[in-house]
Amino acid sequence: VLLFLLFITCTVHAQTSQPETLKRYLSLTNSFLQDGGKWIRQNRDMIPGDTSSAGYYALEFYRGINANTLQFKLKSYLPLRSEWKIIGELLLSWNAKKQIVVLYGVGSDGVIIAGESELITANELHLLSSSTNAEGKVEESKEVFGFKDGKIEVSSSTKKKNTWDQTTNVI
C-alpha cells in the first residue's frame, strides 16, 4: 500500500510540474494522433512508369511505450505494384535531463538517424538530425513537424558544404 501511494504521489507530481516545452510537445503529438494518426499526401514528383516511384506518402503515428513517446512509420505507395512500403520507422521522446525531444530512426535502405529538437512551439517541432547510410556516409538535416489548420506539415532540408539546401515537403 505504501509503495502504491508513493507511485501515485510521484505520478501526480510529474503531471503537475511539466516544463512548458514538454507541454507544447505533448500537445503537438496529440494533434499528430488525430484521425487515427494517419496522414497521406500525393507525390507531385511521381515518375509515371517507374515501378519504384511513389504515388503517395503516408505518416502513421501511434503512442509509444509511455506518454512522452511517439512512434511513427513513413510509407510510400507504389501504384504500379499496388503496395504500401515502409521506408522508415522513427521514434520521438522527451529527454528530461536535457529538456528536449530526441529522435531516433531507421530506414529500409539501412540508414540510421538520430537528432534533437532545436525549437518546440505550440504548432511546430524543429529537429536537427544526423543520418548515416549503409555505406557510412553522414548527412545533416533539419526536419520541421508542424500542425496547422487541422493538417500535418513535415518539411526537410539537408546540409551540403555548410549550406542548407531548399526545403522539401515530406507530407
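Accessible areas here come from the Shrake-Rupley method with a 1.4 Å probe, and for residues only the protein chains shown count as cover. This is a predicted model, where local features need pLDDT of at least 70, side-chain atom pairs count only at pLDDT 80 or more, and totals for chains, interfaces and linings use all residues. Residues are numbered from 1 along each chain as its sequence is written, and side-chain values use heavy atoms, leaving out hydrogens and water.

Let's start with the surface: the protein chain exposes about 10,600 Å², and carbon and sulfur atoms hold 54% of that area. Of the 171 residues, 34% are buried (under 20% relative accessible area, 1.4 Å probe, protein chains only).

Next, the fold. Two helices and 11 strands make up the secondary structure of the protein chain, and the order from the N terminus is α-α-β-β-β-β-β-β-β-β-β-β-β. Helices (H or I, at least four residues) and strands (E, at least two) are DSSP runs, numbered from the N terminus. Along the principal axes, the C-alpha atoms fill a box of roughly 65 × 35 × 30 Å.

Now to the largest pocket, whose volume is about 1,200 Å³. Its lining counts 35 residues, with Leu 74, Ile 87, Glu 143, Ser 156 and Val 170 nearest the centre. A pocket is an open set of points on a 1 Å grid over the protein atoms alone, where a 1.4 Å probe fits, with protein on both sides within 12 Å along at least five of seven lines; lining residues have an atom within 4 Å of a point. The volume is the space filled by probe spheres set on the points.

Methods
Buried means under 20% relative accessible area, exposed over 50%, partly exposed in between (1.4 Å probe, protein chains only).
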